[in-house]
Amino acid sequence: METLNDVKKRIKSVQGISQMTSAMQLVSAAKKRRAVAYLDDMMPFVRNCVDTMSDIRFNTETIDNPFFTLEQKVTGQTWKIAYFVIGGDQGLAGAYNNNIVKACEEHVRMKILENSAKGIITDYKLYVFGKVARERLVHLGYNVDPVPTEPLSEPQYYTAQSLSGFIKQKFLIEGFDLVYLIYTRLESALNMKPVVVRLAPVDFKSIDNVRADLGCDMTEDEGNHGISYYPDVNDVFSFLVDSYLSAMVYGALIESYASEQTARFAAMDNATNSADDMMKVLELKFNRARQAKITNELTEIINGANQVNNL
């Protein structure tokens, strides 16, 4: 049975945990608000970019650009696939990191099975941003790039430009056939969903999904709008691809960051509530233990007094 001092120590420990989780909850709430503000600020740029790319797709018969051409593989050939996975550098965020790792595992396995059924070899590599997700995937035995990535802090556009340039280099120079981006989309304060987006070659189905999410008018796509592109459509498209990659990566970084802070806020809120509930139980135990101690002391005093009177 716990003594009075034992209960006191537990109460002090739980109070410390409650203060820490409350502080982390406030910090996560502030970071989430900033991330959502960043996301709102970049939406007009992304909307214009994807709208223009859709216009080019519907109004141009041929586009000579490797980011637009998806090669077809036959039996015996190899799909070389790069995955860029955005996770978190810290824990205490509920199932945030586990969900992104699970989404990555499922997509890699799905691609391997699909290609195996067609007699096609799958050669993949994971580029993982975020210490927790990286260590988990390495532990599970996946082919993770050995070069450690920089810790992810609050997203900046120049970071997204640097990363998109790295992705473009992998696709054009190192010969990857497919490049996927895996991140967590913040659909609401209660719903965070890991998503897999094909960055290269450009997936217009993904663009249409992005446009729908941005609230773009999907009824004005078809038909020639009489738009001319200078110096030519391929140069314009090449420029837009760079902007599109940077915008998609920046959006993914922001949404992942906001999702992580939202998950951490919810986890710390649950932890704080659990600590408060535990405090109530411990305070009740403390009061009972103190009452029992007082009762024992009174009993000893009365018994001592009775023994004195009997002498």
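In strand β2, F129 is the bridge partner of I86. What you're looking at is a predicted model, where local features need pLDDT of at least 70, side-chain atom pairs count only at pLDDT 80 or more, and totals for chains, interfaces and linings use all residues. Residues are numbered from 1 along each chain as its sequence is written, and side-chain values use heavy atoms, leaving out hydrogens and water.

**The sheet**
- Strand β1 (residues 78-86) runs parallel to β2, and nine bridges join the two. (Strands are DSSP runs of E with at least two residues, helices are runs of H or I with at least four, and both are numbered from the N terminus; two strands pair if DSSP finds at least two bridges between them.)
- Four strands make up an open sheet with mixed pairing, in the order β2-β1-β3-β4.
- β2 (121-129) and β4 (192-200) each have a single partner strand because they stand at the edges, so one side of each has no neighbour in the sheet.
- From one strand to the next, the twist averages 25 degrees.

**Helices on the sheet**
- Helix α4 (residues 157-172) lies across β1, β2, β3 (178-186) and β4, at about 170 degrees to β1. (Angles run from 0 to 180 degrees between N-to-C directions, with axes fitted to C-alpha atoms, for helices over the stretch in contact; contact means heavy atoms within 4.5 Å.)
- α6 packs on the sheet too, touching β1, β3 and β4, and its direction makes about 40 degrees with that of β3.

**A residue in α6**
- I294 sits in helix α6 (residues 233-310).
- Is I294 buried or partly exposed? I294 is partly exposed, because its relative accessible area is 42% (buried is under 20%, exposed over 50%, partly exposed in between, with a 1.4 Å probe and protein chains only).
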